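I opened this model to go through its copies, sheets and helix contacts. My notes follow in the order in which I looked things up.

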Amino acid sequence: MIETPPLVDQYCQGVLRTELGLGTFEAQLVRSAGAPAAGTTFFDTQTGFAVRRWCPPLLGLEPHCAPARYLARRRELGVVESGRRLLRGSGVAAYLVDTGVPGDLTGPKELALTADADAFEVVRLELLAEQVADTSGTVPAFLANLAEAVHHAAAAAVAFTCGADAGYPAVLGQAPEPPGPGEVRGAAGRWLARRAKGGAVRDPVLLRHLLWSAVATGLPLQLHTGAGAGDPGQRPQEADPALLTEFVRATAGLGTRLVLLGGYPYHRHAAQLAAAFPHVHADLGAALGQSGARAAGVLAEVLEAAPFGKLLFSSGGRRLPELHAVGALVFREALGRVLGGWVGDGAWSWRDAERVAAMVAAGNARRVYRLDERG
Amino acid sequence: MIETPPLVDQYCQGVLRTELGLGTFEAQLVRSAGAPAAGTTFFDTQTGFAVRRWCPPLLGLEPHCAPARYLARRRELGVVESGRRLLRGSGVAAYLVDTGVPGDLTGPKELALTADADAFEVVRLELLAEQVADTSGTVPAFLANLAEAVHHAAAAAVAFTCGADAGYPAVLGQAPEPPGPGEVRGAAGRWLARRAKGGAVRDPVLLRHLLWSAVATGLPLQLHTGAGAGDPGQRPQEADPALLTEFVRATAGLGTRLVLLGGYPYHRHAAQLAAAFPHVHADLGAALGQSGARAAGVLAEVLEAAPFGKLLFSSGGRRLPELHAVGALVFREALGRVLGGWVGDGAWSWRDAERVAAMVAAGNARRVYRLDERG
Amino acid sequence: MIETPPLVDQYCQGVLRTELGLGTFEAQLVRSAGAPAAGTTFFDTQTGFAVRRWCPPLLGLEPHCAPARYLARRRELGVVESGRRLLRGSGVAAYLVDTGVPGDLTGPKELALTADADAFEVVRLELLAEQVADTSGTVPAFLANLAEAVHHAAAAAVAFTCGADAGYPAVLGQAPEPPGPGEVRGAAGRWLARRAKGGAVRDPVLLRHLLWSAVATGLPLQLHTGAGAGDPGQRPQEADPALLTEFVRATAGLGTRLVLLGGYPYHRHAAQLAAAFPHVHADLGAALGQSGARAAGVLAEVLEAAPFGKLLFSSGGRRLPELHAVGALVFREALGRVLGGWVGDGAWSWRDAERVAAMVAAGNARRVYRLDERG
């Protein structure tokens, strides 16, 4: 058995504070443009099966029990206690939490308390821009306050990201360079004049300005890739991380580190980018909970091209603590199976396998996000 | 052992009525732009090896016998009897037959008799247009008769499709929306003026009109994707189902169901579209006979992302009953191996595995095509 | 155990004649746009682990020993003796050597002597153009001398290729046809006027002229594909061999044979092109050394679509004899494992498996490059 240390989950979202019925629980399992098709259920997916395998035992039930039985037990325990058991049972030492997600969700501190773990903040750039716009009367004030807010966030957070639905891969594919100051002023003026309070940033020039402002701070920048990247908009034609190549090239040597989140079914392409560029890192976890029984197969593919020091686990957990737990538990088992198999074949030494397991489970994330210098 | 019920083959073509020599048999095994390269044979492919593994025993020979020996036995039995043994030996309860393929092929009724199975018709839209054009003197008559023919076909057939060589993925990628009536009239006029009798529809506006006419009927629409999609034209640059994303989005919520056929090597992308959009379904079978000894590997990949209620088996069989048989036999073995492996690992319960096997083998197709309401 | 004959390595480069320290050795292991990221090493990759598994025993050390120990032993033996042991220990009967790579590298003759094997030359077209330009005073002289040089090279070499960094996939994707004589004269004039001695050919018209000149000779033409294709430029957006489809179509039936090198992570797409077009062949080896413990998995994927008579091994070895050795040793083990597994499953016969092993290891390359008519 390969020993894996407690995990660092490099990307997750908060968990819902509200009790959930069967239908509302099911609706959170899968990212889809709509309700399940007639005659089908989201429980009949790898994610659904993985939840039914791993979560019932954490709540005192047998694996693979029926969804209704699981939900009844979950309500019996209450949302707080069931969340507590799920998160504490998954072997995660630290969470990096995207705080820019709408909904009644736990923030990093509450998640840390529930899970008895550390938690750090990942700041969403377009949300920062929206908050600044709410309190800035003019374009120059907006841009100055935005610069100040990004600088301030960089001191408190461990990474920046941008919402997957913002469509920035296509934007960066067309124009990877930072926009000029005049362009930015023009775009900011048009956006401020047009926006309702809280309106999302979709202007290509402003998105590029935000991403390049994050690059300038030196903090890691997490970029969403893969087929789920554009949900709920779902733009599979923007899923290929190759779209980001020119942005990757433009940011090389500036001291920033890029982390490509997700990537499935382009996970091999993301791994290849991590091999080709010193400042690029790839994500291991997002496909794992989702791919359930196939997690070891997908993990093995990611381990083909990427340097082992450039791969970082994440659960991709969002809204349901089940997804955080399943991401971690499936990953740990898949990692043990893949690396253990290579040791068994004589392809890897035991010692190397344990060293790589420790790197991808936690060590790489601690180094890239400088967690040991934080809180 | 996972039990799989008799299969529903959601896409195949008819089988040749003529006796075949070694060379003509070989030429049907693989979809290629030309004859085998000097020094090579199409028997030396996964398809060829799968035929040699599975078909000789159905004709009373040992597996893996030489092609010449197999062909001699096939001629000895005759094309009718060998077809009968091959189709009845493959465990298929119902075939959906694309009737728009040229050549001396069996139609659904004859295939049903030969195989002792049910058979249903899948209508090719561009062929319908060509038949209507043959008997329509003016543009208004053509368009009215076409509407009538599509309506009529929708009552008799279980699905519409469009020839893989029609190049519609690129057309829909550029213009997903239905064309306006004026556009359609103009395109119909130009096509009618230009066409020789029997000339294929390649006009982008007419293709879009046909596809949207099919959508309006509410019948499922099968769309070819994947690297074999454009054969014999072979346009690998049009193989990615992501090209269809905007058409998928435009047809969401209209009540139509889309089925993405084929998909290899983009089968994970097709599965991902089936996960993202409630009305999209993906095909399981087309890669399986072709990939032979690798079928379990490819099948496992398709089972990563797609909801299990959205996956449908097909043999993709065309012209040779060997291809129908191999598609079904390889699929059944691969499904048993993949799901049985997951049960063995503890990842899935036995009961879930048998339930999913029944869904993808037959139940999903019966629901999507409403076979139990048909004949 | 599947018996595999001595290999023909259809693409490699020469090996360095100079002694290497730990850092310079590490820098050659992986094709990257820069040095390893802080806190990481290129030894922590599948390539690095494969080198540490397979090479130490050839130099008398235990597998998986530490890099520093291996390098010390390598220096102790000297670059000549260690190269001799590595190449002779890898079971390769013949090398096809790309002689257009800069650096203090062994040529085919020296490699043959060191390895006790045959070696043949693969000529880089753009290098030929540069050599001709150095000694041609006018555009007409340049074009006449170039035609002569290509003709001359075709008699001595076994194949043509073009540098991966020349960016020709994008060029051919935009304009697959041969350029007209006027275009070529204009492009040659501009390039000759502009170039410093030794300046690389990047002009799209000249590149197309070179490639089509090679096609006209009837010698096989090797084309780089895949994510490493554009290194050090690294253009992942040009990695998909689908870019070459129109060039493939334009060269069909002319008597030339195309060989798609590399291909990872698009190796399935390359295999599919080899299935679709009689004159296209695909490469087996480039991903294998690089993917190390995952080689059997990648190899199995390539064996899905491609006809077995169209697949050719290569090590992709460059600069370090370790990479030539690892490519061959990893390939041989992966091939035995994949084909042996299919025999064990009953999917293939033993006899077919040994026949296919002999084809992909050596026989196909001997036929495609007509090696038995050479040297």
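I then laid chain A on chain C and noted an RMSD of 0.0 Å, a turn of 120° and a shift of 0.0 Å along the axis. Here too the copies use different surfaces, and 3% of the contact residues of chain A recur in chain C.

**Conventions.** I note that residues are numbered from 1 along each chain as its sequence is written, and that chains are lettered from A and ligands numbered from 1 in the order in which they are written. For this predicted model, local features need pLDDT of at least 70, side-chain atom pairs count only at pLDDT 80 or more, and totals for chains, interfaces and linings use all residues, while side-chain values use heavy atoms, with hydrogens and water left out.

**Sheet of chain A.** I find eight strands in an open sheet with parallel pairing, in the order E1-E2-E3-E4-E5-E6-E7-E8. Strands (E, at least two residues) and helices (H or I, at least four) are DSSP runs numbered from the N terminus, and two strands pair if DSSP finds at least two bridges between them. Strand E1 (7-13) and strand E8 (311-312) of chain A are the edge strands, each pairing on one side only. I looked at E6(A) and strand E7 (residues 280-283) of chain A, which pair in the parallel sense over three bridges. In this pair Leu258(A) stands opposite Val280(A) of E7(A).

Next I checked helices against this sheet. Helix H15 (residues 321-345) of chain A packs on the sheet and touches E1 and strand E2 (92-98) of chain A, its direction making about 145° with that of E1(A). Axes are lines fitted to C-alpha atoms, for helices over the stretch in contact, and angles run from 0 to 180 degrees between N-to-C directions. Helix H10 (residues 204-217) of chain A lies across strand E4 (159-161) and strand E5 (221-225) of chain A, and runs at about 140° to E5(A).

**Backbone.** I found a cis peptide bond between Tyr264(A) and Pro265(A), with omega about 0°. Pro265(A) sits in the loop between strand E6 (258-262) and helix H12 (267-276) of chain A. In chain B, a cis peptide bond joins Tyr264(B) and Pro265(B), with omega again about 0°. Asp116(A) is not a glycine, yet has a positive phi of about 55°. I placed Asp116(A) in the loop between helix H5 (108-115) and strand E3 (118-124) of chain A.

**Sheet of chain C.** I looked up how strand E5 (residues 221-225) and strand E6 (residues 258-262) of chain C are joined: they run parallel, with five bridges. Leu221(C) stands opposite Leu258(C) in E6(C).

**Helix pairs of chain C.** Helix H7 (residues 139-156) and helix H10 (residues 204-217) of chain C pack at about 45°, with axes 10 Å apart. H7(C) and H10(C) are therefore oblique to each other; angles under 35 degrees count as roughly parallel, over 145 as roughly antiparallel, 65 to 115 as roughly perpendicular and the rest as oblique. The contact residues include Leu143(C) and Leu146(C) of H7(C), and His209(C) and Leu210(C) of H10(C).

I compared this with helix H4 (residues 79-88) and helix H15 (residues 321-345) of chain C, whose axes come within 8 Å and cross at roughly 15°. H4(C) and H15(C) are therefore roughly parallel to each other. Gly83(C), Leu86(C) and Leu87(C) in H4(C) meet Pro321(C), Glu322(C), His324(C) and Ala325(C) in H15(C).

Notes: Contact means heavy atoms within 4.5 Å. Copies are superposed by least squares on the C-alpha atoms of residues with pLDDT of at least 70 in both.
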